[in-house]
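Trainee: I've got a structure open and I'd like to learn how to read its features. Can you walk me through a few?

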Amino acid sequence: MAGNKEFVNRRLHSLLGVIPVGLFLVQHLVVNHFATRGAEAFNKAAHFMEMLPFRYALEIFIIFLPLLYHAIYGVYIAFTAKNNVTNYGYLRNWLFLLQRVSGIITFIFIAWHVWETRIAAAFGQEVNYDMMASILSSPIMLVFYLVGVISTIFHFSNGLWSFAVSWGITVTPRSQQISTYVTLAIFLALSIVGVRAIFAFV
C-alpha cells in the first residue's frame with residue numbers, strides 16, 4: 001500500500017513539474033525576455049499578464065498550489081535519494097545528483113523571488129522593469145539570479161527526462177538516450193533566453 005502511494009506521489013510530482021509548473025516557467029522566461037527590447041516592451045508584457053481574467057485564481061490553483069506540492073515533495077525526494085556517482089560516474093548518475101541539488105537551489109531561489117516580487121506587489125509595489133533593474137543592480141543579487149535561473153531551467157529540462165520515463169513515453173534505452181540529449185538541448189536554449197533576460201535589466 002505504501003509503495004503504491006509513493007508511486008502515485010512520484011508520478012503526480014513529475015506531472016506537476018511539467019504541467020503546469022514547467023509551462024509557467026517557459027511563459028515567465030518569454031515574458032522576461034521582452035526586457036531585451038527595452039523597458040517599455042517588458043512593462044507592456046508584464047502588464048498584460050497582470051490583466052488576465054481570474055488572475056488570482058489562476059495564480060493560486062494553477063501555479064502556487066502545484067508548485068508548493070512539487071517543491072515540498074521534491075525536498076523529500078532530494079534528501080532521501082541514494083546518489084552513487086562515486087561508484088558509477090555515468091552521465092545519467094551525475095544528472096540524477098544535479099537534479100536533486102538544483103531542486104534545492106531552485107526552491108530557495110523561487111521563494112526569494114516570490115518574496116521580492118509577488119509579496120512586494122501585494123503591498124503596493126509595482127512589478128516592472130525598474131524594480132528588476134534595481135534588484136539586479138547589486139552584483140550579489142545578479143550572481144544569485146544567474147545561479148537561480150540557470151538552476152531552475154536545468155531542474156525543469158532534466159526533469160522532462162524523468163517525466164518521460166515515469167509516464168512510459170521513453171521505455172527503451174535508446175529512447176532514453178535520445179531524450180537525454182533533447183532535454184540538454186532544451187536546457188541550453190532556455191538558459192540563453194533566461195540569461196539574456198537577466199542582463200537586459202543590468
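Trainee: Which residue forms a salt bridge with Glu40?

Mentor: Keep in mind that this model is predicted. To spot a salt bridge, look for a side-chain nitrogen of Lys or Arg within 4 Å of a carboxyl oxygen of Asp or Glu. Here Glu40 pairs with Lys44, and their closest N and O atoms are 3.5 Å apart. The two sit four residues apart in helix α3, so about one helical turn separates them.

Trainee: Is Glu40 buried or exposed?

Mentor: Exposed, with a relative accessible area of 57%. Lys44 is exposed too, at 56%.

Trainee: How many salt bridges turn up in the whole structure?

Mentor: Four. One of them joins Arg118 and Glu59, at 3.2 Å from N to O. This pair links distant parts of the chain, with Arg118 in helix α5 and Glu59 in helix α4, 59 residues apart. Arg118 is partly exposed at 22%, while Glu59 is buried at 15%. Shared partners also tie Arg55, Glu59 and Arg118 into one network.

Trainee: What about the nonpolar core: which residues have the most contacts inside the largest one?

Mentor: First the general idea: in soluble globular proteins, nonpolar side chains tend to be buried together. In this model the largest nonpolar core has 30 residues, and Leu136, Tyr145, Ile198 and Phe201 have the most contacts inside it. Several helices supply at least two residues each, including α2, α3 and α5. Helix α7 gives the most, with ten residues.

Trainee: And what does Leu136 touch, beyond its neighbours within four places in sequence?

Mentor: Leu136 is in contact with Met141, Leu142, Tyr145, Ile198, Phe201 and Val202.

Definitions and conventions: Residues are numbered from 1 along each chain as its sequence is written. This is a predicted model: local features need pLDDT of at least 70, side-chain atom pairs count only at pLDDT 80 or more; totals for chains, interfaces and linings use all residues. Side-chain values use heavy atoms; hydrogens and water are left out. A nonpolar core is a set of buried Ala, Val, Leu, Ile, Met, Phe, Trp, Tyr and Cys residues joined through side-chain atoms within 4.5 Å. Buried means under 20% relative accessible area, exposed over 50%, partly exposed in between (1.4 Å probe, protein chains only). Contact means heavy atoms within 4.5 Å.
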